[in-house]
Number of protein chains: 2
Amino acid sequence: MAEHFAITAKNRVRRYPQRARYDKATVYAILDAAWVAHVAFVKDGAPRIIPTLFARRDDTLLLHGAPASGLLRHIGAGGEVAVSVALVDGLVVAKRVADLAVNYRSVVVFGRGRLLEDEAEKRAALHHLTERLVPGHWGASNEPTASDLRAVAVAEIAIESASAKVRTALPDDRAEARTLPVWAGFVPIQQVMGQPVTADYAADRDPPRPLLEMIARWASPPPTVKE
Amino acid sequence: MAEHFAITAKNRVRRYPQRARYDKATVYAILDAAWVAHVAFVKDGAPRIIPTLFARRDDTLLLHGAPASGLLRHIGAGGEVAVSVALVDGLVVAKRVADLAVNYRSVVVFGRGRLLEDEAEKRAALHHLTERLVPGHWGASNEPTASDLRAVAVAEIAIESASAKVRTALPDDRAEARTLPVWAGFVPIQQVMGQPVTADYAADRDPPRPLLEMIARWASPPPTVKE
């Protein structure tokens with residue numbers, strides 16, 4: 001499969017095209033930096049939107065929910081979805097308020113999916129989702145039972161088209177604005193994880209090492225992406 | 001106007017209804033804690049989704065963009081939108097992976113809007129958006145010019161229907177799961193602002209005090225919302 005998404009009427013970034021990215025490496029790095037995506041779909045001609053946990057696996061997105069969920073039924077019926085992830089990295093304070101901005105990394109994916117029906121397929125997808133959310137937590141003793149698997153719907157959405165948009169720079173006031181008597185600069189914004197709190201009923205007081213490693217990564221500044 | 005949104009087929013929370021909130025105080029507090037919303041709309045029968053800066057003002061949402069933007073033209077033509085905000089507050093690690101969850105505060109708004117055409121209306125809306133993003137930054141010397149105002153489209157969306165969903169609790173493993181030999185607990189997640197960096201061309205080295213106060217607030221844990 002190509003290393004870039006084809007640019008079409010659907011995924012082409014029209015506003016600030018210099019910030020657009022169509023290479024899979026950038027699109028997938030942004031998807032992999034987020035846990036929650038927003039999924040849009042059409043129901044009876046009207047827009048619907050749902051925030052949901054998700055994980056990318058190869059050229060697909062995995063998500064799960066109640067079998068009665070309108071979104072999962074829509075996907076099961078072959079309906080199209082548009083999925084977005086947006087990470088805010090900072091406030092960009094230009095001298096002129098007309099030039100205010102935020103730094104961000106965002107992705108929009110278009111695709112259609114299917115519900116996983118096979119028990120082994122569902123188990124593998126949930127394993128992948130769990131590993132993404134809580135590394136090292138999945139194990140024989142706490143795996144979903146056959147009854148758990150029947151109670152959940154798992155969807156796999158093929159990433160048919162996608163684009164990313166990235167803004168990373170400092171403010172860039174035009175020359176004549178630089179002497180305005182107001183402040184200009186940048187305020188970094190970051191999502192961080194705090195120290196884990198062990199449940200009072202848990203005999204094992206030590207969080208799994210892969211979870212601790214993930215928490216440490218999330219306490220560090222995000223990797224810089226070149227604009 | 002009522003202090004609760006009417007529960008209809010559109011905004012009713014079907015999954016985990018005990019987490020639903022329809023009171024304006026909760027819905028608006030969540031909207032006011034976020035900067036970026038995802039807006040879904042329908043174009044040629046297919047779903048579209050766009051992340052955007054926004055601000056609530058009374059019973060409306062304000063957003064701005066390029067006049068040629070598909071979303072803003074859709075709003076200008078009277079089209080419906082579904083707007084979502086989702087804030088992730090923590091990872092909830094239950095003993096059983098089938099019970100993993102995140103704590104979150106989310107809102108979905110349904111509405112239709114209009115483009116502000118009047119210059120004074122546009123200016124007031126951009127002032128509100130700026131104050132929300134960079135408190136204390138708007139001032140006479142850096143206000144948008146008439147030409148700036150012509151170059152931007154500003155939409156006001158009436159919040160016709162909305163609901164919130166909140167999960168705040170620690171893991172709550174069923175009794176028979178509590179002895180499984182794996183860890184259980186909670187990992188807090190928070191969006192924080194770092195120290196402001198002044199642009200090298202800015203003679204005024206001191207960020208505005210209201211901005212510093214906002215940064216300080218964002219470095220504190222989010223207020224607890226009772227589930």
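## How the two chains meet

In this predicted model, 100% of the interface residues of chain A are also interface residues in chain B, so the copies meet through the same surface. The contact between the chains involves 72 residues of chain A and 72 residues of chain B. Two or more residues are given to the side of chain A that touches chain B by each of the strands β2 (36–43), β3 (46–53), β6 (80–93), β7 (101–115), β9 (185–193) and β10 (197–198) and by the helix α3 (119–133), all of chain A. The largest share of that side, nine residues, comes from β9(A). Sorted by class, the side of chain A that touches chain B has 47 nonpolar, 15 polar and 10 charged residues.

Strand pairing also crosses from one chain to the other, for β9(A) and strand β10 (residues 197–198) of chain B pair in the antiparallel sense over two bridges. Within β10(B), B:Val197 is the bridge partner of A:Phe186. Leaving out residues up to four places away in sequence, B:Asp204 touches A:Pro181, A:Val182 and A:Trp183.

## Symmetry of the pair

Chain A is superposed on chain B by a rotation of 180 degrees with 0.0 Å of shift along its axis, and the RMSD is 0.0 Å. That is the relation of a two-fold axis. In chain A, the C-alpha nearest this axis belongs to A:Gln191 and is 2.1 Å from it.

## Overall form of chain A

The C-alpha trace of chain A spans about 65 × 50 × 35 Å along its principal axes, and its secondary structure comes to five helices and 10 strands. Of the 227 residues of chain A, 41% count as buried. Among contacts in chain A between residues at least 6 apart in sequence, 73% join residues at least 24 apart.

## Strand β6 and its partners

In chain A, strand β6 is mostly covered, with 11 of its 14 residues buried. Its pairings include an antiparallel one with β2(A) over three bridges, in which A:Ala40 has A:Ala82 of β6(A) as its bridge partner. With β7(A), strand β6(A) pairs in the antiparallel sense over 12 bridges, and here A:Val107 of β7(A) is the bridge partner of A:Val85. Four bridges also join β6(A) to β9(A), again with the strands running antiparallel, and the bridge partner of A:Val93 in β9(A) is A:Gly185.

In chain B, β6(B) and β7(B) pair in the antiparallel sense over 12 bridges, with B:Val85 standing opposite B:Val107 in β7(B). From β7(B) an antiparallel pairing over 12 bridges leads on to β8(B), where B:Ser161 is the bridge partner of B:Phe110.

Which residues of helix α1 (residues 24–32) of chain B are buried? They are B:Thr26, B:Val27, B:Ile30 and B:Leu31, and because they cover an arc of only 130 degrees around the axis, they lie on the same side of α1(B). The face turned away from that buried side carries the exposed residues B:Ala25 and B:Asp32. Among the elements of chain B that cover the buried residues of α1(B) are β1 (20–21), β4 (55–57), β6 (80–93), β7 (101–115) and β8 (153–167).

In soluble globular proteins, nonpolar side chains tend to be buried together. The largest nonpolar core of this model has 126 residues, and those with the most contacts inside it are A:Val93, A:Val107, B:Val93 and B:Val107. Leaving aside its neighbours within four places in sequence, A:Val107 is in contact with A:Val27, A:Ile30 and A:Leu31, with A:Ser84 and A:Val85, and with A:Ala162 and A:Ala164.

Terms used. Residues are numbered from 1 along each chain as its sequence is written. Chains are lettered from A and ligands numbered from 1 in the order in which they are written. This is a predicted model: local features need pLDDT of at least 70, side-chain atom pairs count only at pLDDT 80 or more; totals for chains, interfaces and linings use all residues. A residue is buried if 20 or more other C-beta atoms lie within 10 Å of its own, exposed if 12 or fewer, and partly exposed in between; C-beta atoms are placed from the backbone. The arc is that of the directions from the helix axis to the C-beta atoms. Two residues are in contact if their C-beta atoms, placed from the backbone, lie within 7 Å. Copies are superposed by least squares on the C-alpha atoms of residues with pLDDT of at least 70 in both. Ala, Val, Leu, Ile, Met, Phe, Trp, Tyr, Cys and Pro count as nonpolar, Asp, Glu, Lys and Arg as charged, and the others, Gly among them, as polar. Two strands pair if DSSP finds at least two bridges between them. A nonpolar core is a set of buried Ala, Val, Leu, Ile, Met, Phe, Trp, Tyr and Cys residues joined through C-beta atoms within 7 Å.
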